[in-house]
Structures are given as structure tokens and as C-alpha cells.
Protein chains: 4
Amino acid sequence: MDVGIGIVGYGLMGRAHAYGYRVAPTVRELPVTPRLRVISGRDAAGVEAAAGRYSVEGWTTDWREVVARDDVDIVDVCTPPGTHAEIVEAAAAAGKAVLSEKPLAADYASARRAADAARAAKVANAIGFNYRRLPAIALLRQLVHEGAVGDVLLWRGSWLSDEFLDPDIAFDWRFERRMGASTFADLGAHLVDLALWTVGDVEEVAAQSETFTRERSGRAVDVDEASSALVAFAGGARGTLEVARVCARRPCDFVVEVNGTRGTVRFDYARLNELWLGDTADDGRFYGLRRIRAEHPSHPYAADWWPIGQGVGYGVSFVNQAAELLSRWPDGGWDPDLDQGARVQAVCEAMERAAAERRWVRVDEVTR
Amino acid sequence: MDVGIGIVGYGLMGRAHAYGYRVAPTVRELPVTPRLRVISGRDAAGVEAAAGRYSVEGWTTDWREVVARDDVDIVDVCTPPGTHAEIVEAAAAAGKAVLSEKPLAADYASARRAADAARAAKVANAIGFNYRRLPAIALLRQLVHEGAVGDVLLWRGSWLSDEFLDPDIAFDWRFERRMGASTFADLGAHLVDLALWTVGDVEEVAAQSETFTRERSGRAVDVDEASSALVAFAGGARGTLEVARVCARRPCDFVVEVNGTRGTVRFDYARLNELWLGDTADDGRFYGLRRIRAEHPSHPYAADWWPIGQGVGYGVSFVNQAAELLSRWPDGGWDPDLDQGARVQAVCEAMERAAAERRWVRVDEVTR
Amino acid sequence: MDVGIGIVGYGLMGRAHAYGYRVAPTVRELPVTPRLRVISGRDAAGVEAAAGRYSVEGWTTDWREVVARDDVDIVDVCTPPGTHAEIVEAAAAAGKAVLSEKPLAADYASARRAADAARAAKVANAIGFNYRRLPAIALLRQLVHEGAVGDVLLWRGSWLSDEFLDPDIAFDWRFERRMGASTFADLGAHLVDLALWTVGDVEEVAAQSETFTRERSGRAVDVDEASSALVAFAGGARGTLEVARVCARRPCDFVVEVNGTRGTVRFDYARLNELWLGDTADDGRFYGLRRIRAEHPSHPYAADWWPIGQGVGYGVSFVNQAAELLSRWPDGGWDPDLDQGARVQAVCEAMERAAAERRWVRVDEVTR
Amino acid sequence: MDVGIGIVGYGLMGRAHAYGYRVAPTVRELPVTPRLRVISGRDAAGVEAAAGRYSVEGWTTDWREVVARDDVDIVDVCTPPGTHAEIVEAAAAAGKAVLSEKPLAADYASARRAADAARAAKVANAIGFNYRRLPAIALLRQLVHEGAVGDVLLWRGSWLSDEFLDPDIAFDWRFERRMGASTFADLGAHLVDLALWTVGDVEEVAAQSETFTRERSGRAVDVDEASSALVAFAGGARGTLEVARVCARRPCDFVVEVNGTRGTVRFDYARLNELWLGDTADDGRFYGLRRIRAEHPSHPYAADWWPIGQGVGYGVSFVNQAAELLSRWPDGGWDPDLDQGARVQAVCEAMERAAAERRWVRVDEVTR
């Protein structure tokens, strides 16, 4: 059976998602065949070239056409964050399944509406937290849920990049709060998703934010460049989060660590085929962390790929994501869904508010 | 324009090559469109399933059919080493372009014949030294050739795996010398290729080999499990090489290092998105090696892939290889070609002979 | 000339300080000869054994005797934090030079009094921020001050240990707030000192704290086990700090990183002979961080030690500290002095207050 | 009881040994007190300064005086390798215990004579393989001997430094074969000692050597700068060894790895407080190597030092060595003794001969 895919947006995420659908059938036996029907974007020349490059059958400059097409079953939303919600709502209204890139929206209210729309329409829906699909990260969560680290006491996540460091980078939508979302939401959404998925609900946060380059191309920048937060989980664990785009020679270094009553587990994206695990049940002579090569056939997703030691990369997260969604077509039950996208957004927004108002903010102040 | 591909062999390499052709058009603009016409294998059920899984149009149990088909332009040889030469010769005779997996053959004489056949037939031809296609390794060679390390003094390469460690692994073709080739050739070919490509010709070698498990499933094993060699390059540099398949918890850890009059460069496959560089021209205060994130747009192949810091994996080497070959179609001029495959084979065979005869062996004893 | 040393406290710090004085003369030419005159402790058998073990001439169970002795020139305070201030004040009153272990006190008011007492008495005085004496950390600060990273934007420091993880560890003074100080102060003081030294004054903080094991040996624990803070520097930089003693299989892993407009510098104590530096002025082809081997003769303290690559350890920080103090005897002008100890204490106390009161706290709320 | 030490040679090794004796009593309870009585060297001003710096009571320009002194119990030989044997023989003849730096001599015959002289004189005797005294290396050997890696199959050792890279370094004794010994012996002796200690006897070797800078200060250099060897152990294991002094920005990077039927253990001196261990008995989900923090109180020597995670350095190897020797005074039974020095020398000489004669050389060709 063919499943028609329509991609809205042809930038990096559009490319990565197209890559995912194209490669997925070569690594896993799927019940359906994905067909890349159409891709949209506002620039005709750009989107036409992208359609050719990404092996998509057609293209359009109007995203509403993507949503309207009969041969499109899944609308895949890869536009800037500030536009996600409207497209998701339209797709749901048209009865289409929908996958939205993260963050689900530029604000919680929009995220909530988008998730509610999908639920009301009873369409399959998913949010693009692709890093969950890496073997090492999926293994981290599996180990924590199995009790390998005991009860979680501490969680920490950080994401250091240099993408905004140069003050001469021209203004674009990423620097516009209502379109690009906050850095808390844009980078932080991945970290917060992993925190909720691994540890559980966040109850309360304190935070700070800074924008060092406040004007670009003559326009005011209203997006935070470097932000950090203190996190109190509902279950009693504590956490810290840092997202920063002004860290020289740090391209995209995200690290997540969990410390529990029994052990420690740590993931460093710069070495994405590894997971580090320490277990107090091991003899003291072996004190330290193990460097697990997270490519063993027993590890999540790993058996679909290469022999252990060969390594996978970023692209694999999108291939695995596509394979997961397609393998459950048309039943849905996709996970993580847009609701998770909204839950994550609430935490990010609480952080943003905490930074702005210089006080601890409960997540339910945002959601209620 | 379409280019028809016929793949001989549907094991891991058949899968990896099919993956390469399928993904290549999504990462680079190519002058031609690869069509996976047919794949062959001796087991009908197995090859049929593989054809479906790898998105190949047809399948056959007779490799000669692959060679004979009019719609096949490139014969891609992914069978055990001992069968490569015959298939290459048949493909060349049929006027097909040919890509052979490494090692080119199980012995130098066969490798030589295969390379000569391709040259005589004037068909485009290539050998599958896929690791050259990783950004970090291509950058290593670029830096050495630009003089970043000065004149090369020392080269070292090692490949540690555990694939033969368990004595209970049943006998298969990998344990049969005439079919699976020596470990010098099977693992070592990659290292020797990199040595020749980076440093230059090898003149003479000494070596040792050991097989710790000499019988499997009641059959004698005549393939070396752990081998090492001393290397004298024609240009005066010295080298060491080690290939071993009995290293517990070492999945596929290959490391290459070059020391020159000016600097050092080092690659460790376990962290394949990194390259380490030391330069004596740098101030002593900065003494040490740099960890270059080998994903910068200025690095070979990197601009085709993801933003810096996201990482690529093993699969990318096959995609880049396919893209390189297709981008030069039909002119050919492929590099590395089968002749390089034969040159590498000569060095591997010299090592094997040196180990067997317990003496230094000149490479030209093999080739003359 | 001999300089008489009297050490108050014979635990780990007493041992480390004794080690420092004993070894210092063998690594650096000093204008004076340290004499370990006396060591004190409340347990006679324990302190007697320690005197023998640490090669100290005499011992006493009364620290006031140490302060009173004519042949003691420097009183070295190695007792629990809650007792430092009283001993420092007594030593200053007796006209002795004084070195206090960190944190200077268990609260800011006591720290302030101790520092003021030393200043009023015009005695040479120092605080034991020994990690400043490691080549890599001293180099980090030197590079930042020279502008190698440009203007500082972000600072982060974390200290992960497992020393309080086991709930069965019996109650001792470390778990008693007024004696062992807060974890913010006990571990954090090192990090805060490095922040102030490298970046500059801290203006304001938010924080959180948790104690997971609230009772030990039937006694209430009132010391935080895991704490974190957000930091706003007076100069506009932002920072994060985390100190935690419940991180399984993390023995004493402290990391400091600075990101500036030009570069990044990072230190990881688990590899204490290395410093990582990234510079945006380097060509993009070299993108990444350098691993500087922080043992080059041009590096601080390094020329006193071993050839590059051999490595130093923890003990060296105490030897270098002793050598620095002795090399300035009797002129003093020691750095860092007790005033720096008090400044650090103010920041730690602001963090503690911020955690308790769940609000941003200005450091000058503590100091004024 | 006092034990008088006389040190012959005041260079780096003289300094390191003096450091060892001085610090040893502060870390371990010893049955005797070492007294640094005298140090010798040919340059009066140099040795006088050294005596002051290293806290040695007296000095002389005539090493025979050291040997002759009544108050010297242990003669500690820290001169260039080519002079060791004569001094050892004189010391033994004078009934002194003797510790010789490695390599024991510049050739096997001299090494043999020195070891025989000590044995004949029945004096306590030791060879300075100080790296055995590092916790991580001692732990490596302990684990191998306990069977943690099973039967040893492969051993590899390499030592990469840059000390001879610069062709402008002036001629000194290190470049003179009969005085400085071969690089096989000077650097390789440590590696060979570890191989014999961990794996067992070496039976046969092949090797190569190169000297890239053949003249310095107008004098011919007859010492190898970069050498490598293939090793066949008597027990059936195989090995490789590389020693090189022309590796840019590699200060002193030595690595040892053992692969056995059950596991792998690896030590990298650049991270000397760590040991890496892989065990096939662990579940496949934990595939990889553990990074053991080799400072746990259960590890050799570790309890004498600092809390886990703090780290030790090079100096500690000499302190532990001194502590070991002194703790067995006057009974002796020192290990490793000069006989081990001679055994190691035989292997190094076999390698040197194998390189010169371009053939496999049995170690018993050297020793018989």
C-alpha cells in the first residue's frame, strides 16, 4: 500500500524528513510504501530545485495545496515554528495525519490548539523529536525505565552551539521571536522532551536568558541567545538545563545525564554512538563509567543498521522516525504525539516566563 | 539519463551498495539517475527478499545474468573476495563498467588479471575503498598532501575487531583462505590503500600471522586471525600495520596516524567525525593535537550532508562512493580504480608471504 | 631562613598541606625553608600518628597551642569549615601569618570577620583555593585574561561527586550545616573562586538545593546534597553552577568552561593535564577545540615539574601553593587572600539564600 | 632506622629518585627513614646546585666516592645507560644495595654482568621500571594475572614522543649508541618489561629501525629514532611494539593493550588515572570497554594517595617505587630486580639485532 507524503517547507528539516522517508524502506520492512507526493515553499525556484534534489514528485508554493491533495495522507510540517500550528490545524481539519517538526509552536497556546485540533479530528499525529530515535538515546531511556540507575535524583541537559555567535549574521526568521520561537523552545524542546520522557513531569522552573547581539541588519532581535534553567520535577528529582548559541567552536554539542540512587547514565551527542553507564552494584574495583558502544543488535534501532562499531549519524534519526511512523500506518498511536509537543512547549514557556519575570514559575501556570 | 546497476551478492556489502545508490541522488545533484535493475545471489528466497528490502527491481540466482543484461551499465561486485576476479573479468568482457568490493581478489595474480581485463576492455572500473569517502579520512589525505605534516616519517594503521574471537562461530567462507582471502587482505586492504594513497608506495615488509582457533565445525581454518607487519615505504618512511579479529569488545576500531617532519595527523574510526592534527608551527603554548570536527562545509563531502556537529556514519561512505562514481558517468576516470585494488593486493600478499616465510619480502617479488 | 609551620587539623587537608610544604623545596628554589613544627587535633592518638606520618616535629590536642608557639610563623587551618574563622582570628591576633582551607567559614559573617581580622592585624594571609595552582587552570585564566576567548559571554562550572550518595554513610560533621558549611560553599567555593578570578564579580543569583537523605544515624541532615544556580556577572556575562554529591560513579568530576566572543576554553578535572581551546580566528578547516597538553614549560608551574606528557596530579596543587606562599615570605602579598575567601563566601551564601527563599538574590544583599 | 641513599647522577632521573625518597615517608608508613646522603655528577657547580635543590646532604664529582661511603646503604644509579653496569658492579663489590635506572645497560653483555655481580654479591638490587608503580598499570597486570581477560592472545605497546624530531637539537649522549643505548632499549625497556611481567617470556622478534637525522652538531648519530617490532611470546601470544621519538606533538604517549580469550584491557599514559577493561562475560547490551578510575582504595598503591577522582601523576611512580624498596629494607627481595633488567635487555637487543640483520631473531641467540 502506498502512503502519500506531503512536506511543507523545503529547508534543512524538509530535506532531512524527505531523506527519512526515502531511506526508511531500505533499512526496515514496512507495511506500506511512502510516496513523496509534493513539497511546498514560498520560493518557486527554490522549492522546485528541492523537489528534484529530494526526489519528491511535485511541488507548490502554496502549503494549502499540500493539505488539500487527495494523494497526500501525511502532512509533514517543516516550516518555521511560528507557522506550525496553523498548518497542523488545517491538516487535521482535512483529515490528514500530521507530523510536525519541533517546537510545536512559538507559544504554548498555539501548541495546545494544534494538539487539540489533531485529537479532535482523530488523526494520527506526531511531533518530530528525532533524537529519541538514536540507538544511544533510546537505550538511555530504556535503561532508566528498567531501573538501571535506580530512582532518578538529578537530570542535566545542555546544548551548546555557535550558530548565533557572529554578530554579522544577517537578520532572518530565527531572530524573530514570534516566528523562530525562543531558544528555550527551539533547542530546549529536545532536551525537555528527553527529560519528560526519561524522568517525568516538570513542576516548576527558574531561568535566565540573554541576547548578546540585540540588533542584526538594523532590526531588533527578540530571541534569547543563551538561556539556562533550574528544574524541579514532580517526582522530586532536580535538574538543570542550558541552551546556548554563542559558544565558539561548539557546533551542536548536546549532553544529557541522569544520576539515580543506583547509577549514572550519560549521553554526549558529539559521540552519538556511545552511551556511558555507571552502576554502584559493580565491584569498587571497576569504579567508573562504561563506554557502551550503542550499536549492539540488542539496542533499539541498531539491528536495522550496520555491524557494531561502524557507526550511524544524524540522518539515521530521521530514517528511524519515518520507519516508526510508517510501520504503524494507518493505525497511528504514534509516540511522541502532538500532545507531548504541547507538554514540552509548556515547560519551555514556563522557563521563558521565569526568565522574564525573574521568579520561579510553575508549569501549571502556563497550562491552566 | 538512467544508469542501470546490477549488484552481484546480497549480503552486507550488497545492502550497503544498494543503500549508496538509493541515497546518493538525495544528497548530491547527479548528472544521471541510478536504477537498481537486478541483484543476484545463490539462494532464491534470500535474494528475492533482499531485492524487496533494498528496493531493487529484479533478482536472479545466476550472476551471469546480471552481467548479460542490456539494462545494466554498472556491475557492482559484492560477493566473497575469492569470486571477485571472475565476475569482474566477465563484466569487462561484456563491456560493463565495474565496481568491485575489496579486496579485489584472494590472491595477487587474480587481482592483476581482473584489473588488466578492465583496462583492456576500456571499461570504467573502481574498487570499493569506501572509507576514503569519509570526510575525516579524505581531509587527512588532503592535509598530508598539502604538506600540513611536512615530509612523512612514520605511518601506522591498526584494525581491531572481535569478529573471530568466539571459537564457537561456525565455519563459513570467511574462514576459508581461497574464498575469504587473508585477514591481511580483508581488513588490511583498507589500511594499505590509505597508506599508499597518503604516503606512497610500499617497498618491503616483514610480518607475522596467527590463527588461534584452527578448527571450526570440524573444518580446518586456514585464514589468519591476527596479523601484523613492519613496512618500509619507497620514499623512506616507515610504518606498522596490525589487523586482528580476536580483540574482545573491540568491534571495528581502526586507527590511522601519520607523523611528519612538521606535524601529526590521526584518525580513529570510533569517532569518525573527528580528525586530530598537531602542528609544530603552532606556538608551544598550544602544544598538543587539535580535535577537528570533520564536518565543516570546507571539508570533503561534508557540504552534501548535515550542519556541522550533527555527525555522519558508515552508510555515508557508500553514498558518497556512489555519488562520486555516478557524477563521473559515463566518462569514468574513477578513482580508486581496479589497478589500485591490485597494487594494494600486492602489498597484502607480500605481507602474507613475509609471515609465512619469516623474512622481509619486497613488494616487487609479488608483482614481477 | 626557616619558616615555622603549624597545622591545625590532621585530616585529608592537613595531610595534603603537610605534603605541600615537604615537597615544595624539592621542586622550586625557595628563599626560606619550611619547618613543620606542630600539628593539632582533638584525638591524641590520631594526631600523634599523623605527626609521624606527615613528618611533623610535634603535635598537640589544643589548637591554641599551635597559635601560641613562638616557632610557628604560619598557622595553616585545615579543620572543618565551621571552625576556621575562630582559628584565623586567633592566629591574626597572635601576629601569625595564616592560610585557611576553603571555604573560609560556614557563613559570610564569620568569613568577613576572619578576613577583617587578618587585614587589621596586617598579617600575611591566604585562602586555600589550591586548584588555581594546577598548570591547566592557571593557563585557562591566563588565556582568558589575555583575550584568547574575547569578551566573556558565558561561564559554566559543575562539580559532580558521589560522596553523599549512599544513605548508609553515618552522620559526621560534613552533614551538619554550621560545621561543614553548605555544599554551595564546600564544593562550590572552588568553582566560584575560579569564576570570580576568571570572569569577574557576580551580581545576582538564583538557585535550588536538595537533600535526598535527610537523616543519617538518626540525626537530621541540614546540608544540601545537590544544588545548582544561575549566575549573572556584573560585566554582563551569564553563568551556571552545579554542585552535587549524589552522582553515582562520579568521584570528583569538575568541569569549567568559558565561552567568549572569540573563543572557548574548557577544563575537565578528570583529565587535569589538558586544557581545551577553540578560537574563531582559526581557519574553518580547523574547526573544533584543541587539546592542549598543559605541561609545556611555558605554562604556569609546569617548568617546576616533569617533562611534558608525564603528567601531574592533585598533590601538585598543594606543593605549588606552598611554593607560592613560601617564595613570597615574609613579604606576603599572597593571592588569593582571605578577602577573596570572603568574596567567594558571599556568592555562595547568596546562592544558598536564593535557594531557600526561591528568588533572585543580589550578592550585595549578603555583603552590605 | 636510617637508610643512607647515594645517588649517582643529578639529571632528570636523579631528581625524580630524590623526589621519591623524600616523599615516600609522607605517604606510607615505612620501617626505615631514608637519608639522602650524597649525590654525584661530573660538573661541580651543577651537582652542588642539585644537592641543594633535591635536599641531599652532600655532593661529589666522583661517583666512586658515593659507592665508598660508609653511610650509604643504597647506591641509586641515575647516569646515562652506558655507564650503569660499571657503577652497579662497583656498588655490588662494595656490598651496597643498588637500584639502577633502566635500561640496565647499553648492551646485553654488560647488563648480564651487572645483574650477575649483584647476585654474586648477594646485595639487594632493583631496576627502575617505575611505571609498574602506577595504580592503573599495576591494576592492569593484576587483572590479567587473575584471568580477567582469559588467556592472552595479543599484546601491543607503543611509545610515541617527539624528543628527537627537531634536527637542530644538538648532539649529546642520547644520540650516541654506546652511551644512550638504543631507542629499543631506552623507551622500549619499559614496554618490554610490562610485556614480560604481564604476558610472559618473549621467544622471537622481527624489527625495523630508522634514524632520520643522521648527523647533529657535525657528529654522526648512531641511535635509532623510530623502531618497531613483531613479537612472538613463548606462550603463543603475539605482539607488536613501537617506539618513536619523531612524532610531532606527541610528548610521551605510551599505550599498552592486552587482548585475551575473555577480555581486553588497555592503558593510555596520557590518561594515567584510567584503565579500560572489556569483558565478554558482560551482557551484550553493555558491549564496550569500561573506563575504570584507577584510584579506588582497592587498587594497588591507591590507598596511599588521594581520594578517588583527584588523580596522581608521574612523580607518584617514583614515590611508590621508593616506598616499595624501603618497606622491604634490609631484607631485599626487591622486584623487579636487575635480573629482570637483564631479561628485558636481552629482548631489546634481539630487536635491535633483528632490525640490523633484517631477520627474525630468537631471544636466546642473545642470551646464550
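Begin by selecting N320(C), which sits in helix α10 (residues 314-327) of chain C, where helices (H or I, at least four residues) and strands (E, at least two) are DSSP runs numbered from the N terminus. This is a predicted model, in which local features need pLDDT of at least 70 and side-chain atom pairs count only at pLDDT 80 or more, while totals for chains, interfaces and linings use all residues. Residues are numbered from 1 along each chain as its sequence is written, chains are lettered from A and ligands numbered from 1 in the order in which they are written, and side-chain values use heavy atoms, with hydrogens and water left out.

**Around N320(C)**

N320(C) is buried, with a relative accessible area of 0%; buried means under 20% relative accessible area, exposed over 50%, and partly exposed in between (1.4 Å probe, protein chains only). If you show its surroundings and leave aside neighbours within four places in sequence, you will find N320(C) in contact with R28(C), R133(C), Y301(C) and W305(C), contact being heavy atoms within 4.5 Å. A polar atom of the N320(C) side chain lies 2.9 Å from the backbone oxygen of R133(C).

**Aromatic pairs**

Next, select W159(A) and F254(A), whose rings are stacked, at 4.7 Å centre to centre and with 5° between the planes. Rings of Phe, Tyr and Trp (its six-membered ring) pair if their centres lie within 6.5 Å, and planes under 30 degrees apart count as stacked, over 60 as edge-to-face and the rest as tilted. Because W159(A) lies in strand β7 and F254(A) in strand β13 of chain A, the pair ties together parts that are 95 residues apart in sequence. Both W159(A) and F254(A) are buried.

For a tilted pair, move to F171(D) and F175(D), whose ring centres are 6.2 Å apart with the planes at 40°. F171(D) is buried at a relative accessible area of 14%, and F175(D) is buried at 1%.

**Salt bridges**

Side chains of opposite charge can pair when their charged atoms come close. The structure holds 171 salt bridges over all chains, a salt bridge being a side-chain nitrogen of Lys or Arg within 4 Å of a carboxyl oxygen of Asp or Glu. Select R271(A) and E274(B), whose side chains meet in a salt bridge at 2.8 Å, N to O. This pair crosses between chains, running from the loop between β14 (263-268) and β15 (274-279) of chain A to strand β15 of chain B. E274(B) is buried, with a relative accessible area of 2%.

Within chain B, R132(B) and D193(B) form a salt bridge whose closest N and O atoms are 2.7 Å apart. R132(B) is in the loop between β6 (125-127) and α6 (135-146), whereas D193(B) is in helix α9 (residues 188-198), 61 residues apart, and the pair links distant parts of the chain. Both R132(B) and D193(B) are buried.

**Where chain A meets chain C**

Now colour the contact between chains A and C, which takes 51 residues from chain A and 51 residues from chain C. The two chains bury about 3900 Å² between them, 54% of it on carbon and sulfur atoms; buried area is the accessible area (1.4 Å probe) that two parts lose on being put together, summed over both. Select Q208(A), R249(A) and Y287(A), which supply 22% of the area that chain A buries against chain C, more than any other three residues.

**Where chain A meets chain D**

Finally, turn to chain D, where 21 residues of chain A are in contact with 21 residues of chain D. These chains bury about 1800 Å² between them, 54% of it on carbon and sulfur atoms. In chain A, R285(A), Y287(A) and R290(A) lose the most area to chain D, together 41% of what that side buries. The interface of chain A and chain D has 4 salt bridges, and a salt bridge to select is the one between R285(D) and E146(A), at 2.9 Å, N to O.

Definitions and conventions. A polar contact is a pair of N or O atoms within 3.5 Å; within protein, one must be able to donate a hydrogen and the other to accept it, and residues adjacent in sequence count only if both atoms are side-chain atoms.
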